[in-house]
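Hi,

Here is the structure I promised to hand over. Have a look at it first, and then read on for what turned up.

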Amino acid sequence: MISLFLGWTSVVNAQQVLPLYPAKIPNTKSSKVTETGATSGIIRGITKPTLQVYLPEKDKATGTGVVIIPGGGYGVVVYQGEGIDIAKEFVKRGIAAFVLKYRLPNDSIMPDKKIGPLQDAQQAIKFVRENASKWGVDTHKIGIMGFSAGGHLASIEATHFEKSLIDNPEQISLRPDFQILVYPVISMRDSLTHQGSQTNLLGKDPSTESVKLFSNELQVTKNTPPAYITHTADDKVVDVDNSISYFEALRREKVEVEMHIYPKGNHGFIFHHPGWMEPLFDWMKRNNWIKY
């Protein structure tokens, strides 16, 4: 009996790496780009996006799911530290986690590099909703989380969900139910943006229209999902004003938002700040995303 129970537990916690698109990948073209970095946990050259699934034990499952988008300045994907490691913490709290390995903007692999990452984020939300019953997830409790440039992508998805950039004949909602942003790039405006992320996503001389469209503090509406934001005041890579400007935009539209700004820790503070997720879990508990 014990051996059977242990076997069942390992199956429940088993991870799956699934192709993000069941058929043709949109906005793609043939290239010689090859993916690298799997052993280091920092991935480059992604042409085939995936979703890695982590499910909690059934007796702990809360019905909540989170799509996790690692950062990396739109030049790499910090897949291990801002993806897999975070997913494992969510599973401990009964939250299903889905780590997105998304295409990085690159003219050599896609006709329009500006929208490629957003297509993958939209598809991830759609994919989880389509499979929610199979994975024990409530279709109304699916959130999105992003770190650094991944936070920019998560906040794009949280503010640009009404226009589908993917095949969605059944019109499945692409709106996340909540958003979690960790030292996020929010703006593409020169006064706020992380220059590397702006250049990688929009090019060296972006149009005024593109800068405005992808400056998410300018795209907030009353229908933007509630948010949890965390940052450090001394971040020397992504200015904390990105988070502050987004917080203010959400507050003006009366969207529920909570923000935690630590005085010190610089960019990537999560790697040397044990317990940083505790206030996040408290927020999730108070908003009924988790039960304990």
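Let's start with the way H3 passes H5, which is a right-handed crossing. The contact is made by Pro-117, Leu-118, Ala-121, Gln-122 and Ile-125 on the H3 side, and Leu-153, Ile-156 and Glu-157 on the H5 side. The two axes come within 9 Å and cross at roughly 65°. Angles of 65 to 115 degrees count as roughly perpendicular, so that is how H3 and H5 sit relative to each other. Do keep in mind that this is a predicted model.

Both helices also lie across strands. H3 (residues 116-130) lies across S1, S3 (50-54), S4 (65-69), S6 (96-101) and S7 (142-147). H5 (residues 149-159) lies across S4, S7 and S8 (179-182). H3 runs at about 145° to S7, and H5 runs at about 145° to S7 too.

Now for the sheet itself. There are eight strands in an open sheet with mixed pairing, and the order is S1-S3-S6-S4-S7-S8-S9-S10. S1 (16-19) and S10 (257-262) are the edge strands, each pairing on one side only. On average, neighbouring strands here are turned by 20° against each other, direction ignored. As a reminder, strands of a sheet pair through backbone hydrogen bonds, either parallel or antiparallel.

How many of its five residues are buried? Five of the five are, so S4 is largely enclosed by the rest of the structure. In a regular strand the side chains alternate between the two faces of the sheet. Both faces of S4 are covered, with Gly-65, Val-67 and Ile-69 buried on one side and Val-66 and Ile-68 buried on the other. S4 runs parallel to S6, joined by four bridges, and Ile-68 has Val-99 in S6 as its bridge partner. S4 also runs parallel to S7, this time with five bridges, and there Val-66 stands opposite Gly-143.

Over at the S10 end, S9 (residues 227-232) and S10 pair in the parallel sense over six bridges. One of the bridge pairs to look for is Ile-229 with Met-259 in S10.

The structure holds eleven aromatic pairs. One of them is Tyr-228 with Trp-283, a tilted pair at 5.6 Å centre to centre with 45° between the planes. Tyr-228 lies in S9 and Trp-283 in H9 (residues 278-286), so the pair ties together parts that are 55 residues apart in sequence. Both Tyr-228 and Trp-283 are buried. Then there is Phe-269 with Trp-276: their ring centres are 6.3 Å apart and their planes are at 75°, so this pair is edge-to-face. Phe-269 and Trp-276 are both buried too. They belong to one aromatic cluster, together with Phe-147, Tyr-183 and Tyr-262.

Most residues other than glycine have a negative phi. Which way does Tyr-74 go? Its phi is positive, near 60°. Gln-171 is another residue with a positive phi, at about 55°, although it is not a glycine. Gln-171 is found in the loop between H5 and S8, and at 70% relative accessibility Gln-171 counts as exposed.

Last stop is Lys-48, in the loop between S2 (42-43) and S3. Lys-48 is exposed, with a relative accessible area of 62%. Which residues does Lys-48 contact, leaving aside its neighbours within four places in sequence? Those are Ile-25 and Lys-101.

Cheers

Technical notes
Residues numbered from 1 in each chain as written. Predicted model: local features only at pLDDT ≥ 70, side-chain atom pairs only at ≥ 80, totals over all residues. Heavy atoms only, no water. Pairing = 2+ DSSP bridges. Helix = DSSP H or I, 4+ residues; strand = E, 2+ residues; numbered from the N terminus. Axes fitted to C-alpha atoms, helices over the stretch in contact; angles between N-to-C directions. Contact = heavy atoms within 4.5 Å. Buried < 20%, exposed > 50% of the residue type's maximum accessible area, 1.4 Å probe, protein only. Phe/Tyr/Trp six-rings, centres within 6.5 Å; stacked < 30°, edge-to-face > 60°. Parallel < 35°, antiparallel > 145°, perpendicular 65-115°, else oblique. Left-handed = near helix turned anticlockwise from the far one by under 90°.
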